[in-house]
Amino acid sequence: MDDILIVDDNPHIRDLIAEILGDNGYSTRSAATSTECMNAFRKAQPSMVLLDIWLHDLVMDGLDVMRELRKRNPSTPIVIMSAHGTIEVAVRAMRQGAFDYIEKPISLDRLLSVVKNAMELVKLRRKINVLQLGGERNAHLIGESDVSRKLRERVDRVADTNMHVLLVGPHGSGKETAARYAHARSRHASGPFVTASFSASGPERIESRLYGRAYDDQAPIPGYLEMAHGGTLFLKEVSHIPLMHQEGLARAIARGQIRPVDGSGDIKIRFRVISSSSSSLEIATAEQRFSPALLHRLNTTTIEVPPLDMRRDDIPELAAFFLRELHESQGFPLRQLTSDAETFLSESDWPGNVKQLRNSIERALIVGESDEPITVSDIQSAVSSNAADTSFTLDRRYIGMKLRDARETFERQYFIAQINRHGGNISKAAEFVGMERAAMHRKIKALGIVTIRDSYGSRAMLQSEGETE
């Protein structure tokens, strides 16, 4: 995909062009016949094709080859070469989709100029595709708290390796931001960052979204894996991939090769995989809801992205960053926070983590029209205005439960949240809840909650079951 395919029946011309392009930093492959050309294109699609229009071939001539290549991928630039060049031939080739036309004997300057223009077009198309997938965004891990520094240190240690990374943490905690941070500091930073999201895709669309080549008016559409070639593939909430597609994805990652859904031929791929999950993949694997083969491929190293309540000291800095970002990206007035507003944000609960904090800042900017600093009342108005626009909706997990089961589920979540909110300190959590410490211990034991200590500190989790999505 990063090379140039030279198609000419004259071996001296093929070798000469390959030598010239090689001296200028390009990678090349060669084909002498239409059959060799089609096989090379199927094996690994090149960035562009230099094609002799007067190909001496019993199967197809140059124009026939060009038409077939364009059927397979109309976005690949094809440059026609001919020793018998006429205006009529050039016009005919251009009308049928040729990127440009070069006459033989080939001028060195003309060859390099056309190739440079074609390769710039390829890079531009890839960048547009990546932008459409949300590939270019901020890659900053904001915060100077101990927890944030430890997270950055962990990501920095693996950033410039080829190891696949699994990021785990609650929804909204910043797993995608951590993935972008790792990509920006990796050897793949000059390549694309492709976010593959499957939560809104039906099972029937997953295969084409992964591997591509689903035809739309005869134009093939590349899949996530092909678009990530040379860069990073970010599998967002990887547990959302249906089980039936997981082992196939594991094989594609292991082989570095995919076969598009139209069966047009294998394509070589090379990228680094970073995946994320808000639930335990180990538990899902044990319950046969997740493929062991895919878990093995993705889980070379695991990094925990902590919830916002474990790094409350970072909230003022995060809020200031979001204010600048929204000013630059959306044109909001550049406003500051009063000290009271910073304190209010730091002491508030953020069950939706960093994502909820950013949404609240944005809402405050939308509701307020002043250029003055944002006050506590501004934030409260934004939050209440947002709440007034939405009606109460019962969490779907409770609808099918008996009252006793629903109450137990709620209590389990409530006590986990309170323990984590107080940094794993049972005494402080019990005091806030209004229980005796011994009673609190009995309650959390009955609910199957355990406290664990890791490098981020103490926190609560379920002993035998994962958090619900």
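**Entry 1**

What volume does the largest cavity have? I looked it up, and the largest cavity comes to about 30 Å³. By the rule I used, there is one cavity of 30 Å³ or more. Grid points are joined across faces, edges and corners, and the volume is the space filled by probe spheres set on the points.

**Entry 1: what I'm looking at**

This is a predicted model, so local features need pLDDT of at least 70 and side-chain atom pairs count only at pLDDT 80 or more, while totals for chains, interfaces and linings use all residues. Residues are numbered from 1 along each chain as its sequence is written, and side-chain values use heavy atoms, with hydrogens and water left out.

I checked pLDDT (the predictor's confidence in each residue, from 0 to 100). Its mean over the chain is 82, and 83% of the residues reach 70 or more. Residues 131-136 stay under 50, and the model gives them 11 contacts beyond four places in sequence. Residues 464-469 are also below 50, with 14 contacts beyond near neighbours in sequence. A contact means heavy atoms within 4.5 Å.

**Entry 2: the whole chain**

I found 20 helices and 16 strands. These are DSSP runs numbered from the N terminus: helices are H or I with at least four residues, strands are E with at least two. Of the 469 residues, 45% count as buried. Buried is under 20% relative accessible area, exposed is over 50%, and partly exposed is in between (1.4 Å probe, protein chains only).

Which residues line the largest cavity? I noted Val155, Val158, Val165, Leu167, Ala178, Ala179, Ala182, Ile274 and Ile303. Helix 6 (146-159), strand 6 (165-168) and helix 7 (175-184) each give two or more residues to this lining. Helix 7 has the largest share, three residues. The lining divides into nine nonpolar, no polar and no charged residues. In this count Ala, Val, Leu, Ile, Met, Phe, Trp, Tyr, Cys and Pro are nonpolar, Asp, Glu, Lys and Arg are charged, and the others, Gly among them, are polar.

**Entry 3: the cores**

A nonpolar core is a set of buried Ala, Val, Leu, Ile, Met, Phe, Trp, Tyr and Cys residues joined through side-chain atoms within 4.5 Å. The largest one has 30 residues, and Leu225, Leu233, Leu235 and Leu249 have the most contacts inside it. Its largest share, four residues, comes from helix 10. I then followed Leu235: leaving aside neighbours within four places in sequence, its contacts include Leu249, Ile274 and Leu298. There is also a second, separate core of 23 residues, with Met38, Val49, Val65 and Tyr101 among them.

**Entry 4: two single residues**

Is Ala44 buried or exposed? Ala44 counts as buried because its relative accessibility is 10%. Ala44 sits in the loop between helix 2 (34-43) and strand 3 (48-52). Not counting residues up to four places away in sequence, Ala44 touches Arg29, Asp266 and Lys268. The C-alpha atoms of Ala44 and Ile267 are separated by 4.5 Å, though these residues are 223 apart along the chain.

Then I picked Glu362, in helix 15 (residues 353-367). Its relative accessibility is 17%, so Glu362 counts as buried.

Note on methods: On a 1 Å grid over the protein atoms alone, a cavity is a set of points where a 1.4 Å probe fits but cannot get out, and a pocket is an open set with protein on both sides within 12 Å along at least five of seven lines; lining residues have an atom within 4 Å of a point.
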